[in-house]
Amino acid sequence: MKLAIRMFLTGLAAVLPVMVTLYVLYWLGSTAEAFLGGGLKMLIPDSLYWPGMGVVAGLVLVFVIGALMRAWLFRNVFRWGERLVGRIPLVKALYGAVRDLMGFFSGSDTKAMRRAVMVTVGGTPVRLIGFITREDFGDLPVGIGGDDTVAVYLPMSYQIGGFTTMVPRSAIQPVDMSIEQAMRFAVTAGMGEVKEG
């Protein structure tokens, strides 16, 4: 019985990530088809519309917006819109969380992380993996950091989140890992492969 349960859990561990990925892709595609496809049906005759045009329109729209974000004028208009959204309490929190999450996964926010380090907790042998995010506190209020202090982001395993801590330089030790390797190691609780690619 134990062998059967172990085999089932092994199969579940192999199948579940694939199924979740396929479901998310299906949900994104069907949502794009429902919203954008419905709009296209109003613009073009039914004889010219074929299933999947909503998904294609969504991909094209995202690409066009990405290209427009390189233009100075469009970036400023976009930032103005973000400032307006930032005045609406609940929308501001939701939008900010989604924007930060997407920025992290797109790789733009990982550039702010300078290097991976191990942080020693107090006088114990316990160490946490983290990322130096700031070493200069000159533009912040007095008391947040100092000459012998660095800001270290400590990610939480299997969660989207973590803690930003101010630690003395003596409590950190560099790790010979890229940001991506160290993040993969931390987020998977040390169980994921850390090889690049």
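The model is predicted. Its open sheet has five strands in the order 4-3-2-1-5, paired in the antiparallel sense. Helix 5 packs on that sheet. The largest nonpolar core has ten residues, and helix 5 supplies four of them, the largest share.

**Sheet layout**

- The strand order of the open sheet is 4-3-2-1-5, and the pairing is antiparallel.
- Strand 4 and strand 5 (172-174) are the edge strands, each pairing on one side only.
- From one strand to the next, the twist averages 45°.
- Helix 5 touches strand 1, strand 2 and strand 3 of the sheet. The direction of helix 5 makes about 135° with that of strand 2.

- Strand 3 spans residues 149-155, and seven of its seven residues are buried.
- Thr-149, Ala-151, Tyr-153 and Pro-155 point one way from the strand. Val-150, Val-152 and Leu-154 point the other way. Both sets are buried.
- On one flank, strand 3 pairs with strand 2 over three bridges, in the antiparallel sense. Phe-131 has Tyr-153 of strand 3 as its bridge partner.
- Strand 3 also runs antiparallel to strand 4 (residues 162-168), and seven bridges join the two. The bridge partner of Thr-149 in strand 4 is Pro-168.

**Nonpolar cores**

- The members of the largest core are Ala-116, Met-118, Ile-129, Phe-131, Tyr-153, Val-175, Ile-179, Ala-182, Met-183 and Ala-186.
- Strand 1 (115-120), strand 2 (127-134) and helix 5 (179-187) each give two or more residues to this core. Helix 5 gives the largest share, four residues.
- In soluble globular proteins, nonpolar side chains tend to be buried together.

- Beyond residues up to four places away in sequence, Thr-149 touches Glu-135, Phe-137, Met-166, Val-167, Pro-168 and Arg-169. Among these contacts, Pro-168 is also its bridge partner in strand 4.
- Gln-181 lies in helix 5. Gln-181 has a relative accessible area of 17%, so it is buried.
- A polar side-chain atom of Gln-181 lies 2.9 Å from the backbone nitrogen of Ser-178.

**Helix 1 against helix 2**

- How do the directions of helix 1 and helix 2 relate, and what angle do their axes make? The axes of helix 1 (residues 2-43) and helix 2 (residues 53-68) cross at roughly 95°. The two helices are therefore roughly perpendicular to each other.
- Their axes come within 7 Å.
- Helix 1 makes the contact through Gly-29, Ala-32, Glu-33, Leu-36, Gly-37 and Leu-40.
- Helix 2 contributes Met-53, Gly-54, Val-55, Ala-57 and Gly-58 to the contact.

Notes. Residues are numbered from 1 along each chain as its sequence is written. This is a predicted model: local features need pLDDT of at least 70, side-chain atom pairs count only at pLDDT 80 or more; totals for chains, interfaces and linings use all residues. Side-chain values use heavy atoms; hydrogens and water are left out. A nonpolar core is a set of buried Ala, Val, Leu, Ile, Met, Phe, Trp, Tyr and Cys residues joined through side-chain atoms within 4.5 Å. Buried means under 20% relative accessible area, exposed over 50%, partly exposed in between (1.4 Å probe, protein chains only). Two strands pair if DSSP finds at least two bridges between them. A polar contact is a pair of N or O atoms within 3.5 Å; within protein, one must be able to donate a hydrogen and the other to accept it, and residues adjacent in sequence count only if both atoms are side-chain atoms. Axes are lines fitted to C-alpha atoms, for helices over the stretch in contact, and angles run from 0 to 180 degrees between N-to-C directions. Angles under 35 degrees count as roughly parallel, over 145 as roughly antiparallel, 65 to 115 as roughly perpendicular and the rest as oblique. Contact means heavy atoms within 4.5 Å.
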